[in-house]
Structure formats: C-alpha cells, structure tokens
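Please open the structure in your viewer and keep the selection tool at hand. The tour goes from stop to stop, saying what to select and what is to be found there.

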Amino acid sequence: MPYRIECVLECANHLGEGPIWDVEDGRLYWVDGTGRRVGNPSIWRYDPRTGRTETWSLAHDIGALALRRDGGAVLALDDGFYFFEFDRGRLECIELVEADQPRSRLNDGKCDRRGRFFAGGMDDKEELKICGLYRLDPDLRVTKVDDGVICTNGPCWSPDDRTFYVADTFQQEFWAYDYDIATGGLSNRRVFATTHDDPGVADGSTVDEEGCMWNAQVIGGDLVRYAPDGSVDRCIGMPVRNVTSLTFGGEKLDEIYVTSMARVKHPAVHDMFARELKPQFGAGHLFKVSGLGIRGLPEPRFAG
C-alpha cells in the first residue's frame with residue numbers, strides 16, 4: 001500500500017523525543033530532551049487541525065512526558081520524576097532518582113494500561129552500564145525494576161499486556177520481559193532483537209494493534225516494524241537520519257508522527273554518530289507518515 005511522508009512542523013528540535021497523541025483532544029505532545037542547552041523550549045504541543053503550536057521551557061533536560069488522568073503531566077526529568085501543570089508551567093518534584101550518579105539522567109518513559117509510569121536512565125556519555133529502569137506507581141512509590149543499562153529507550157507493551165519491550169540503545173539490544181499487568185512486575189528478560197547489523201541503533205518505540213513493535217532507528221533514519229517473534233516485517237526510510245521516536249495519531253490512530261534530532265555535538269565516547277558541523281536538512285523537525293493502513297493503540301494516562 002502506498003504511503004506518504006511529510007514534514008508537518010519545522011521545529012528544529014535539538015533532541016526531539018517521546019511523542020504522545022492525546023486521543024481525548026486530538027493534539028500531539030512531545031519533548032525536546034536537551035533543548036534547554038541551546039535555548040529551545042522543552043515541551044511541545046501541536047494541534048494538527050489548526051496548526052497551532054504551544055511550548056514550555058524548563059531548567060532541566062527532559063526524557064519523557066505522560067499525560068495524567070486528572071490533568072497535567074508526569075515528567076521524567078534528568079534528576080527524577082515530577083508533576084507538571086500546563087496552565088501555570090509549574091513543576092512539583094515527586095522523587096529524585098540516581099541523585100548519586102551525576103553522569104546519569106532519566107531518558108525515555110511511557111505508561112502501562114493500569115496507569116503506571118515506567119522510565120529508565122541513560123549515561124550522558126553513552127558508555128557505562130550505570131543506569132536503572134524504574135516504575136512510578138499511581139500511589140507515587142518508585143521501584144527500580146532492572147539495572148545495568150547504558151541508555152533506556154522505547155518502553156512499550158504488547159496489546160495483551162503480557163510482554164514489555166525496552167531497548168538499550170548502546171548495548172544495541174531490544175529486551176522483552178514477561179509482564180504482570182496486575183502488579184507491574186517484570187520477569188524472564190530475553191533478547192527480542194538487535195541492531196548489531198543495522199545502519200542505525202534503537203531509539204523510541206510503539207506497538208500497533210496487530211502486536212508489531214515499531215522503532216525509530218537513530219543514525220540510520222529508518223522506521224522498523226518488528227513482528228512479535230522479533231523478525232523485521234518492514235522498513236520505512238525517513239528524510240532525515242536522526243529520527244528519534246514515533247507514535248500513532250490522528251482521528252483513527254492510523255498516522256505515525258515521528259520526531260527527530262538536530263543535535264550534532266555529542267558527549268559520547270563511541271564513534272557511532274557521524275562528525276557533523278551542522279544538522280542534515282530537516283533534522284529536528286516533526287514528520288508524519290500516512291497511508292500505511294495500520295492502526296496504533298491509545299497511549300494510557302498516568303493514574304496518579
């Protein structure tokens with residue numbers, strides 16, 4: 001089936017990440033993870049019906065955002081979990097995480113269908129397995145559910161809630177766990193897929209209604225659809241190399257919104273990123289893929 005790729009917003013995000021489609025009001029939210037380092041806003045909201053864009057600036061790096069059932073959002077910021085009020089731009093700290101580890105910061109995160117928020121850390125130099133994976137429950141308790149992570153990306157769940165997926169970008173592996181939706185517990189971690197032989201590495205992910213996992217491969221510029229057995233079902237080449245994450249949106253949840261990164265300077269010790277003096281044309285903008293004939297699932301809200 002033919003599909004169309006278009007740039008829907010020229011936003012030049014330093015590190016666009018974590019898009020979330022709000023099925024209740026038909027707007028898209030995402031973050032510019034390190035935007036504040038170059039004077040860019042940290043949180044973005046886009047209404048495709050009007051083209052209106054709203055932004056909020058923070059004094060923190062931001063890894064992920066999830067909407068709350070009672071309004072506002074829960075954030076994974078560099079040093080911990082926070083509540084955020086859009087109307088007043090107000091932050092409220094829930095709990096600091098890995099405060100004794102100055103190289104780590106919370107990165108990607110997402111909610112399960114019982115309203116728990118999962119987020120994991122990353123080593124800012126993208127080198128050491130010093131970070132954990134955390135669960136924030138609706139009663140605001142924080143639990144470390146795994147460790148030994150270099151860079152957390154792409155947490156998401158199978159449609160039946162029995163499998164949890166997450167990637168460690170710089171270990172170049174996707175992991176699958178057995179998931180207990182009643183307790184939020186993880187067990188039986190195994191390698192679901194790897195990017196060792198791919199041009200890119202794993203960044204943000206989502207799952208469609210058929211149970212396939214989609215991943216944005218940063219560096220390589222592909223959206224990759226993985227079947228439930230971990231095999232590659234299809235690849236979609238994007239106009240920019242550094243695509244970072246994706247989510248299904250639109251009235252029928254049959255469009256894919258894709259974030260990207262304009263950042264060219266990296267503190268990493270590895271040499272995976274090309275040495276660039278300026279971003280690739282279009283890097284950092286927001287893209288949309290339509291006409292795939294595939295639908296996504298609504299993103300749950302945080303229950304706390």
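Is Cys111 buried or exposed? Select Cys111 and show the surface around it: with a relative accessibility of 2%, Cys111 counts as buried, where buried means under 20% relative accessible area, exposed means over 50%, and partly exposed lies in between, as found with a 1.4 Å probe on protein chains only.

Before going on, please note that this is a predicted model, in which local features need pLDDT of at least 70 and side-chain atom pairs count only at pLDDT 80 or more, while totals for chains, interfaces and linings use all residues. Residues are numbered from 1 along each chain as its sequence is written, and side-chain values use heavy atoms, with hydrogens and water left out.

**The cysteines**

Stay with Cys111 and find Cys156, which holds the cysteine sulfur closest to that of Cys111; the two sulfurs are 13 Å apart, too far for a bond. A disulfide is a covalent bond between the sulfur atoms of two cysteines, and here it is taken as a pair of cysteine sulfur atoms within 2.5 Å. A search of the whole structure finds zero disulfides. Select Cys7 next: Cys7 is in no disulfide, and the nearest cysteine sulfur, that of Cys11, lies 7.2 Å away. Cys7 is partly exposed, at a relative accessible area of 34%.

**The salt bridges**

How many salt bridges does a search of the whole structure find? There are 30 of them, a salt bridge being a side-chain nitrogen of Lys or Arg within 4 Å of a carboxyl oxygen of Asp or Glu. Select Lys288 together with Glu6, which form one such bridge with their closest N and O atoms 3.8 Å apart. Lys288 lies in strand β24 (residues 286-290) and Glu6 in strand β1 (residues 4-9), so this pair ties together parts that are 282 residues apart in sequence. Helices (H or I, at least four residues) and strands (E, at least two) are DSSP runs, numbered from the N terminus. Lys288 counts as buried at 15% relative accessibility, whereas Glu6 is partly exposed at 21%.

Move on to Asp124 and Arg105, whose salt bridge has its closest N and O atoms 2.8 Å apart. Asp124 sits in the loop between β11 (117-123) and β12 (131-136), while Arg105 belongs to strand β10 (residues 104-111), so the pair ties together parts that are 19 residues apart in sequence. Arg105 counts as buried, at 5% relative accessibility.

Within the selection, look for Glu54 and Arg45, which form a salt bridge with the closest N and O atoms 3.0 Å apart. Glu54 is buried with a relative accessible area of 17%, and Arg45 is buried with 10%.

**An open sheet**

Show the cartoon and colour strands β2, β3, β4 and β5, which form an open sheet in that order with antiparallel pairing; two strands pair if DSSP finds at least two bridges between them. The edge strands are β2 (16-22) and β5 (53-56), each pairing on one side only. To look at one pairing in detail, select Ile20, whose bridge partner in β3 is Tyr29; β2 and strand β3 (residues 27-32) pair in the antiparallel sense over five bridges.

Select β18 (201-207) and β19 (213-218), with the loop between them in which Asp208 is found. The two strands pair in the antiparallel sense over five bridges, with Thr206 standing opposite Trp214 in β19. In β18, seven of its seven residues are buried. The hairpin has five residues between the strands, and Gly211 takes a positive phi near 90° there.
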